[in-house]
Amino acid sequence: MRSRALALASIVAAVINHPTIAAAEGDAARGAKLAYTCMGCHGIANYKNPYPTYSVPKVAGQSAEYIVIALTGYKTGTRGHGTMHSHAATMSDADMKDIAAFFAGEAKVERKPNMTAAAAPKAAQVCVACHGADGVALLPIYPTLAGQHADYLERALHEYREGSRKDPVMSTFAGQLKDEDIGVIAQYFSGLEPGLATAKPKQ
Ligand code: HEC
Ligand code: HEC
């Protein structure tokens, strides 16, 4: 009996240590290699998208779940962007997960425990339930906005409002915003520290 118990224990240990279980979380080392081609834009501080000109978003420190959701949006067309569509269209689910694990692990955006909704401008009060008064997402399926480029946040909000980015939740919330609200909200979240970072190529 004793040897059966030992055998069982070693099976359990083998299952726990099995590499495919870690891979379900995304393999950041593989992701780092796949992300090499992304660094020409996401790895350069303040790099701009041309026509229309706006900053390429910071992705380091964003949650892995949200990164997969965003890449899936470019792949399926709920988000429109030519280059991002071409990249995402060729990615498998595993590629997305691995790249997401790499970017998510590059920086950690700590929550600021003492911030309440009162700190946010009036137009952003309704947003903090998901994106946090400190700009740090309350669930990993939501994007963190802290430290993100203001012009990119504005661009995204216009896209949800005008319908070129399709998301049932964000279309509703952005649909109620006036242009001046969008400017104020973007300034607020982009100014929060600590925040997202420009990705760093792995040496
Ligand atoms: C030519 C420049 C360029 C390259 C190369 C590029 N991206 Fe992007 N990426 C952008 C731009 C610009 C956006 C914002 C598009 C928009 O307006 O929706 C973006 C958006 C994203 C987003 C969404 C960020 C957010 O906050 O929602 C993710 C995730 C992302 N890219 C990952 C990648 C990955 C992974 C690669 C490599 C496989 C890659 N990108 C390659 C320019 C680039
Ligand atoms: C119920 C939760 C919820 C609320 C409330 C909410 N959002 Fe969002 N937000 C989301 C989700 C989910 C996404 C990702 C949608 C997608 O897949 O494109 C998102 C995406 C965004 C993005 C794009 C970020 C990026 O990196 O591309 C911005 C900017 C944003 N929200 C701002 C706001 C603002 C401003 C408000 C308030 C007026 C708001 N949100 C209210 C859930 C929410």
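Tutor: Helices here are DSSP runs of H or I with at least four residues, numbered from the N terminus. A186 lies in one of them, α11. Keep in mind that this is a predicted model.

Student: What makes A186 count as buried?

Tutor: The cut-off is 20 or more other C-beta atoms within 10 Å. A186 has 22 C-beta neighbours inside 10 Å, so A186 counts as buried.

Student: Which residues does A186 touch, leaving out those up to four places away in sequence?

Tutor: A186 touches A150, L153 and E154. Contact means C-beta atoms within 7 Å. R155 is 31 residues from A186 in sequence, and their C-alpha atoms are 9.5 Å apart.

Student: Why is Y36 called exposed?

Tutor: Y36 has 11 C-beta neighbours inside 10 Å, so Y36 counts as exposed. Y36 is found in the loop between α3 and α4. I99 is 63 residues away along the chain, yet the C-alpha atoms of Y36 and I99 are separated by 9.7 Å.

Student: How many residues of the chain are there, and what share is buried?

Tutor: The protein chain has 203 residues, and 35% of them are buried. It holds eleven helices and two strands. From the N terminus the order is α-α-α-α-β-β-α-α-α-α-α-α-α. Consider contacts with a separation of 6 or more: 73% of them join residues 24 or more positions apart.

Student: What makes a set of residues a nonpolar core?

Tutor: The members must be buried, belong to the listed nonpolar types and be joined through C-beta atoms within 7 Å. The largest such core has 45 residues. I67, A100, F103 and F189 touch the most other members. α3, α5, α6, α7, α9 and α11 each supply at least two residues of this core. α7 gives the most, with seven residues. Nonpolar side chains tend to be buried together in soluble globular proteins.

Student: Which residues does A100 touch, not counting residues up to four places away in sequence?

Tutor: A100 touches G26, G31, A64, I67 and V68.

Student: Why are α5 and α6 called roughly perpendicular?

Tutor: Two packed helices are described by the angle between their axes and the distance between the axes. For α5 and α6 the angle is about 100°, and the axes are 7 Å apart. Angles of 65 to 115 degrees count as roughly perpendicular. α5 and α6 are therefore roughly perpendicular to each other.

Student: Which residues of α5 and α6 meet?

Tutor: L71, Y74 and K75 in α5 meet M84, H85, A88 and A89 in α6. By class, this contact has five nonpolar residues, one polar and one charged.

Student: Which residues are closest to ligand 1?

Tutor: C38, C41, N49, A70 and H81 are the closest of the 21 residues that surround ligand 1. To be included, a residue needs its C-beta atom within 6 Å of the ligand. α4, α5 and α6 each supply at least two residues of this shell. Its residues divide into twelve nonpolar, seven polar and two charged.

Student: What is the omega of the peptide bond from Y51 to P52?

Tutor: Omega is near -10°, and the bond is cis. P52 is found in the loop between β1 and β2. Another cis peptide bond joins E193 and P194, with omega about -5°. P194 is found in the segment after α11.

Student: Is Y51 buried or exposed?

Tutor: The limit for exposed is 12 or fewer C-beta neighbours. Y51 has 5 other C-beta atoms within 10 Å, so Y51 is exposed. Y51 is found in the loop between β1 and β2. Y51 is not a glycine, yet its phi is positive, about 45°.

Student: What is the phi of N46?

Tutor: Phi of N46 is near 60°, a positive value in a residue other than glycine. N46 lies in the loop between α4 and β1. With 9 C-beta neighbours inside 10 Å, N46 counts as exposed.

Notes:
Residues numbered from 1 in each chain as written. Chains lettered and ligands numbered in written order. Predicted model: local features only at pLDDT ≥ 70, side-chain atom pairs only at ≥ 80, totals over all residues. Nonpolar A, V, L, I, M, F, W, Y, C, P; charged D, E, K, R; others polar. Contact = placed C-beta atoms within 7 Å. Axes fitted to C-alpha atoms, helices over the stretch in contact; angles between N-to-C directions. Parallel < 35°, antiparallel > 145°, perpendicular 65-115°, else oblique.
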